[in-house]
Amino acid sequence: MRAITVQDRDAGVGGLTLTDLAHPHAAENDVIVRVHAAGFTPGELTWPGTWTDRAGRDRTPSVPGHELSGVVTELGYGTTGLTVGQRVFGLADWSRDGALAEYTAVEARNLAPLPADVDHVTAAALPVSGLTAWQALFDHGRLTTGQTVLVHGAAGGVGSLAVQLAREVGARVIGTGRAADRETVIGLGADVFVDLQAERLEDIGEVDLVFDVIGGDILERSAALVRAGGTLVTIAEPVTVRPADGRAVFFVVTADRAQLVELAARLRDGRLKPVIGSVRPLAETADAFAPRKRVHGKTIIRVGED
């Protein structure tokens, strides 16, 4: 099968190579998925799991890209809950080969059924971004109706979904970004947009929840905006500052079938719309990891056809 692989940790994006790999093996509780579309995170070439397995052993050449949508072609021993021929989407394990390949082996519990009327490209934009937004807002942020949430990077892959999910539960949403993002963020349902390059973050006032995807100075300054009993949640870096009378949480997204089902239901009925910026073929993956210009929205790799 054709796959994108990396072997040289120091080569960066230049080490992404389209090559032939053996067909993957379905271990116990696995399924083999014929991948139709895949998503990736540009920074994953720096993650330890890209290069080593859970025991710390070198596992190169490895296949990056951990968001996928496709069709089950084979069941491993003991696998339940999915069937051969079923359309699925989900999140591949960080320390195993990913989805930038024609076929991939995935733990069945990391996948959810994909409704027939949702296309694979749209579904592949959802697992990392959607699960991250859901877990930040509801699992860690405990967001409820009537509260105010500040979403940094509100026009990005994660932030755009967080805005929509927060709006759906009846929260007041403040989104931040660049000036060019204002119309997009307001269109997604934010009540207020703040241009971080031209407007003062400190003028926002107190909020119940800050969801940060940026880190650095923005993360540090955001801690002061959290009102008593509120929460600062970030996926950018471990927190070094905390709200004076609140919680601070750094987390890494995890696969969750029940949450994927919830996200798929919202996708199907139009309550949730991923912002997809570009769709590229497998052969252009290296270019997609390091685009020559800023791409608005998430880039998806089309691996196979329906």
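Predicted model: local features only at pLDDT ≥ 70, side-chain atom pairs only at ≥ 80, totals over all residues.
Q: Are helix α2 and helix α6 roughly parallel or roughly perpendicular to each other?
A: Two packed helices are described by the angle between their axes and the distance between the axes. For α2 (residues 127-140) and α6 (residues 257-268), the axes sit 10 Å apart and the angle is about 105 degrees. Angles from 65 to 115 degrees count as roughly perpendicular, so the word for α2 and α6 is roughly perpendicular.

Q: How many residues of the contact of α2 with α6 are nonpolar?
A: On the α2 side, the residues include Pro 127, Leu 131 and Trp 134, and they meet α6 residues such as Leu 260 and Leu 263. Sorting the residues of this contact gives three charged, three polar and, for nonpolar, five.

Q: Is Ser 222 buried or exposed?
A: Ser 222 is part of helix α5 (residues 216-222). Buried means under 20% relative accessible area. Ser 222 comes in at 0%, so it counts as buried.

Q: Which side chain makes a polar contact with the side chain of Ser 222?
A: Skip residues up to four places away in sequence, and Ser 222 touches Leu 201, Val 210, Leu 232 and His 152. A polar contact needs a pair of N or O atoms within 3.5 Å. At 2.8 Å, the side-chain partner of Ser 222 is His 152.

Q: What is the relative accessible area of Arg 257?
A: Arg 257 lies in helix α6. Leaving aside neighbours within four places in sequence, its contacts include Thr 80, Leu 82 and Arg 109. Arg 257 is still partly exposed, with a relative accessible area of 27%.

Note on methods:
Residues numbered from 1 in each chain as written. Heavy atoms only, no water. Axes fitted to C-alpha atoms, helices over the stretch in contact; angles between N-to-C directions. Helix = DSSP H or I, 4+ residues; strand = E, 2+ residues; numbered from the N terminus. Parallel < 35°, antiparallel > 145°, perpendicular 65-115°, else oblique. Contact = heavy atoms within 4.5 Å. Nonpolar A, V, L, I, M, F, W, Y, C, P; charged D, E, K, R; others polar. Buried < 20%, exposed > 50% of the residue type's maximum accessible area, 1.4 Å probe, protein only. Polar contact = N/O pair within 3.5 Å; in protein donor to acceptor, adjacent residues only side chain to side chain.
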